[in-house]
Amino acid sequence: MTEKKWAEFCKAVPPHERDMRLKGIPAMAGSIVYVEFNDEDHVVEPKDIPDDLAYYAGLDVGMDHPTVWLLYGVSKEGKHYVIDEYVSRNQTPEQDAPYIKTILGNKQLAGGYTYIDPAAFQVTKANQVSVAQQYTKAGIPVISSRRTSDVGEMNQVYEIKEMIRCDELFVSKNCPQLIKEFHVWKYKRDRQNKPMTKDSFEDRNNDALDALRYITTMHPTHKVSSRRARVVYI
């Protein structure tokens, strides 16, 4: 094999499988979802992220889980970067907003909105103002991402896995929460420690990953439409 073909072969094999085959290191990542992600290839210094980006953002609102907001960019070359993150617990949208605005600075988001879980637009008898409306009122305009039930979570995950495998998605060292989740998020396993259905995931260690899904499922590009997105309250 030529050096180029060998490099391509190694790239196609997840890191834990590569170490198992070449170095005899036992593979312990059988239930890890994003086995394609590794720090050496996919974590970058903030200074190495280009400036000519179209900016996007995603927000996963937590109750008993953390709330995570991600700043995301797409370069002219079609490379995708998670630039920064904000993580909080047990805070209101009004408390979160100043921190998010500080990270965003003068950057203009595509359409002017942050993508959020459609469920955040729900209104209840106990809470007549939805979480999404509260963020918008606090100065962080949000818009619904695609419903996971319409697309399929496995399809969304597979899209991210392909971006990683093809070296199209990179994460800044400014995002320790997202990096950690890439390494620990797992498929569900039964009492015999066997994987359950292929599209069944643990509902923990995935808050930043959910915020990422809300962005990537909208297929962000460097060319941003001049039309502003329409907010739909559900």
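This is a predicted model: local features need pLDDT of at least 70, side-chain atom pairs count only at pLDDT 80 or more; totals for chains, interfaces and linings use all residues.
Figure 1. Lys161 belongs to helix α7 (residues 153-165), while Glu36 sits in the loop between α2 (15-23) and α3 (39-42), so their pairing ties together parts that are 125 residues apart in sequence. Both partners, Lys161 and Glu36, are buried.

**Figure 2. Lys47 and Asp48 meet in a salt bridge.** Here the N to O distance is 3.4 Å. Lys47 is exposed, its relative accessible area being 68%. Asp48 is partly exposed, with a value of 47%.

**Figure 3. A network of salt bridges links Glu153, Asp210 and Arg213.** Look for the side chains of Asp210 and Arg213, which form a salt bridge with an N to O distance of 2.9 Å. Helix α9 (residues 207-216) holds both Asp210 and Arg213, and the two are 3 residues apart, about one turn of the helix. Asp210 and Arg213 are both buried.

**Figure 4. The largest nonpolar core has 34 residues.** The members that touch the most others are Tyr34, Tyr72, Val82, Leu169, Leu178, Phe182 and Leu212. Two or more residues come from each of β2 (54-60), β3 (67-74), α7, β7 (169-172), α8 (176-184) and α9. Helix α9 gives the largest share, 6 residues. A second, separate core is made of 25 residues, among them Ile83, Ile116, Val131 and Val142. As background, nonpolar side chains tend to be buried together in soluble globular proteins.

**Figure 5. Tyr86 and Tyr99 stack, in a structure with 7 aromatic pairs.** The two rings lie 5.6 Å apart, centre to centre, with 10° between their planes. Tyr86 is in strand β4 (residues 80-88) and Tyr99 in helix α4 (residues 93-104), so that the pair links distant parts of the chain, 13 residues apart. Tyr86 counts as buried at 9% relative accessibility, whereas Tyr99 is partly exposed at 48%.

**Figure 6. Trp185 and Phe201 form a stacked aromatic pair.** Their centres are 4.7 Å apart, and the angle between the planes is 25°. Both residues lie in the loop between α8 and α9, so the pair ties together parts that are 16 residues apart in sequence. Trp185 is buried, with a relative accessible area of 2%, and Phe201 is buried too, at 7%.

Methods
Residues are numbered from 1 along each chain as its sequence is written. Side-chain values use heavy atoms; hydrogens and water are left out. Helices (H or I, at least four residues) and strands (E, at least two) are DSSP runs, numbered from the N terminus. Buried means under 20% relative accessible area, exposed over 50%, partly exposed in between (1.4 Å probe, protein chains only). A salt bridge is a side-chain nitrogen of Lys or Arg within 4 Å of a carboxyl oxygen of Asp or Glu. A nonpolar core is a set of buried Ala, Val, Leu, Ile, Met, Phe, Trp, Tyr and Cys residues joined through side-chain atoms within 4.5 Å. Rings of Phe, Tyr and Trp (its six-membered ring) pair if their centres lie within 6.5 Å; planes under 30 degrees apart count as stacked, over 60 as edge-to-face and the rest as tilted.
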